[in-house]
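Please read it beside the sequence and the structure.

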Amino acid sequence: MFAYLVRRLLLMLVTLFGISVVIFFLLRIVPGNIVDILFAAAGYVDPADKANLEKELGIDQPLILQYWHWISGFLRGDFGYSYVSEKPALQEILPRIPITARLAGLALLFSASIGIPLGVISAVKQGTRLDYALRVVSLSGLSLPSFWLGLLILTASVAMFNRMPIFNPNPQTWLEAFATYAVPAAAVGFRSAALTMRITRSSMLEVLRQDYIRTARAKGASDATVNYQHALKNAILPVITVIGIEAAFLIGGLIVTETVFNIPGVARFLVEAIRWRDYPIVQNLVMLIAVVVVSANFIVDMLYAVFDPRIRYTD
Amino acid sequence: MRSVWALAAMAALSVLTASTTTLAGEPKQGGVLRMYHRDSPANASILEGATYSVNVPFMGVFNNLVIYDQHIAQNSPDTLRPDLAESWSWSSDNKKLTFKLRQGVKWHDGKPFTSADVKCTFDLLMGKSQQKLRQNPRKAWYSEVNDVTPNGDFEVSFDLKRPQPSLLAMLASGYTPVYPCHVSPADMRTHPIGTGPFKFVEFKANESIKLTRNPDYWKKGLPYLDGIEYTIITNRSTAILAFVAGKFDMTFPTHITIPLLKDIKSQAPNAVCVVEPTNVSTNIIVNSTSPPFDNIDIRRAMAMALDRKAFVDILFEGQADIGGTMLPPPQGIWGMPKDKLATIPGYGPDVNASREEAKKLMQKAGYGPDKHLAVKISTRNIAEYRDPAVILIDQLKSIYIDGELDVVETANWFPKVARKDYMLGLNLTGNSVDDPDQSFYENYSCGSERNYTNYCNKEIEKLFDAQSQETDIGKRKPLVWDIDKKLQEDVARPIIFHARAGTCWQPYVKGVTIMSNSSYNGFRYEDVWLDK
């Protein structure tokens, strides 16, 4: 087990190194850098000014040297300075993470709390009007892009209530704070809820046809007991897998939702940083995400062994 | 009976007077003006900026030496007002401009303002100081300035190489605030210190910009507002919906397109909206250094094929202007009169006749119905660029030119243009002051960094200098018109149209004037107030 742990840790480090190289060089492959963008916006270029600025930012140095400066700084916790705001990169990144984390968490909660029960109902009531109605809802959810849904929500909210549920940085009440996140979370979580609902339905339909379900019914168990205690328990595994995958894909939806609802989260910030070629922000932020994902995978792998006695990692 | 009528008339008059007084109202102190900002500016330094995204939020932090009257929409030499300078005078040979400076003015950090600050600012702009601006996009504005010399603490002189009356116009631009000597250019990018009506509080990239009232402002009693808060909203739909819902007191200036203006007026009928020219021209840049556009006939044919009215009707529902390089009258001061404009090939009322002429030129160059000229039309990947480019492609089909749209990301646009890696480009040119010097030297003089097409005509350069030194506006105008006409005839950079855009505010916002011939000079907001 110890040898496996060490091997797994080493593999993790190699993976992170690979990711850092890919991030660094991919960013440099994209045409233009911050200096090009600044001068393009100004509509002129003064070669001397340009050279000075490139020197000041260190982007005139050989790529290997630039990589070394970045990665050694990252390991020391020195993320450098944003090229755009000229503030420490960490100071720019950290306050935005909780905002996106809250939004993502609520979106996943919305997805699970709406998608799973409706999926169960749809499966149990298969072929009924309710099932058809729910299937239409789920198809709509899969078809509607989240930015479009977001704009619809905003437009309807203004037209019907003359209220605008965009981000409020200083909510006065608990309700305001909740509304700040709940509406965009619903917009981004709706698609995910629709997918969860469809997976739950198909998984439940398969389980409901199993012999042990018939046995449970024969023993006189109530519908609720059969559906939720026997069927759902066994149907939930693929649903959890899908929710897990959706969590990773959520960042894509969050970028547009944060833009539409004007939420100053990390997803929109990352896109803006890419637009400006703000290397210190993009590199460090993507690397941080990579560290979290790789570490989470490592921890999950370890936990398999803890929670499932059948799994034992051998040398 | 007569007395009854007299009484009624008096009563009516008094009611009318009272209501007029109430309507006009006395300015009220207090309140925070909430506005959305269209994007997150790179930094807070106006001297380094080249977009009004910087001027709008930060102009209120500063003062200039002189400023355009903030309540007269048209910037002109007659609307120049003293700001940090109490007065100014020209020497008899018009080569020395002396400013008497205001005394008792303090920077926001409490240090006194003196002539040394003026010297520092212009040394910085002319590239003469030890400290450097990261970018200095308007260095060329001061190419005729030899030196800036303080005469004591409260007088300063600009020594010029030759007379240049337009220098005052450039000093009055929102792009020319006076910076403090004791704050570095780097600090001015992140925490600007000025002498203006509002103090900088914070700038959170992609989130917000906050200014607060300067209680020690040298204009007693001003500003009326307690502060201004800009929320950065890059999505135009979200921003406009938020304005309609009352989250903002005002839209970002000249950010509303003509079609969107209708939506706002229908959803917020009480909103006050104005449409003004932005002094931004949409034009074609032609790579005349390589075939096929090294052939003047093809360039002329292309210019003659333009149906400018169609562009204006499609994109602006008829609300934009057709002119030459300079913004056309009545909002523009220097634009050619209509009768002169109509004499330029391609500007006449009969588009079909013009296109027939253009076809002949194309046939002379070897193209015709059986042999079309295939070109790429490059432009930035922004709607304001893309949309007219698509119309241009359609119009060029009428003279055997098959255009293909080549959209270029902003980061790559300027390097591509500088490399001359394009055939035709659709470009936007903004003019921060309505003055021929700024436009001609910047865009058409030999060797200028912004002369993207490398148009170079030594004869016309002499005319540039001649108009530039002319102090009599009446005499200068015909010179400017002749130059403008010649530039259009040379197809130096064919102008398609001059855009207009809308700005809206809630009815309780008072004292806002949107400039009608510049988008860069009207954001001091020191006497804007909220009638709430």
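Two residues are in contact if their C-beta atoms, placed from the backbone, lie within 7 Å. The model is predicted: local features need pLDDT of at least 70 and side-chain atom pairs count only at pLDDT 80 or more, while totals for chains, interfaces and linings use all residues. Residues are numbered from 1 along each chain as its sequence is written, and chains are lettered from A and ligands numbered from 1 in the order in which they are written.

**Contact between the chains**

- In chain A, 35 residues are in contact with 33 residues of chain B.
- On the side of chain A that touches chain B, two or more residues each come from α2 (34-42), α3 (47-57), α8 (146-161), α11 (223-260) and α12 (266-275) of chain A; helices (H or I, at least four residues) and strands (E, at least two) are DSSP runs, numbered from the N terminus.
- α2(A) gives the most to this side, with seven residues.
- By class, this side of chain A has 19 nonpolar, eight polar and eight charged residues. Ala, Val, Leu, Ile, Met, Phe, Trp, Tyr, Cys and Pro count as nonpolar, Asp, Glu, Lys and Arg as charged, and the others, Gly among them, as polar.

**Sheet of chain B**

- Four strands of chain B form an open sheet in the order β4-β5-β7-β6, with antiparallel pairing; two strands pair if DSSP finds at least two bridges between them.
- β4 (85-90) and β6 (145-150) of chain B are the edge strands, each pairing on one side only.
- The twist from one strand to the next averages 15°, with axes as lines fitted to C-alpha atoms (for helices over the stretch in contact) and angles running from 0 to 180 degrees between N-to-C directions.
- β6(B) and strand β7 (residues 155-160) of chain B run antiparallel and are joined by five bridges. B:V148 has B:F158 in β7(B) as its bridge partner.

**Helix on the sheet**

- Helix α3 (residues 115-125) of chain B packs on the sheet and touches β5 (96-101), β6 and β7 of chain B.
- The direction of α3(B) makes about 160° with that of β6(B).
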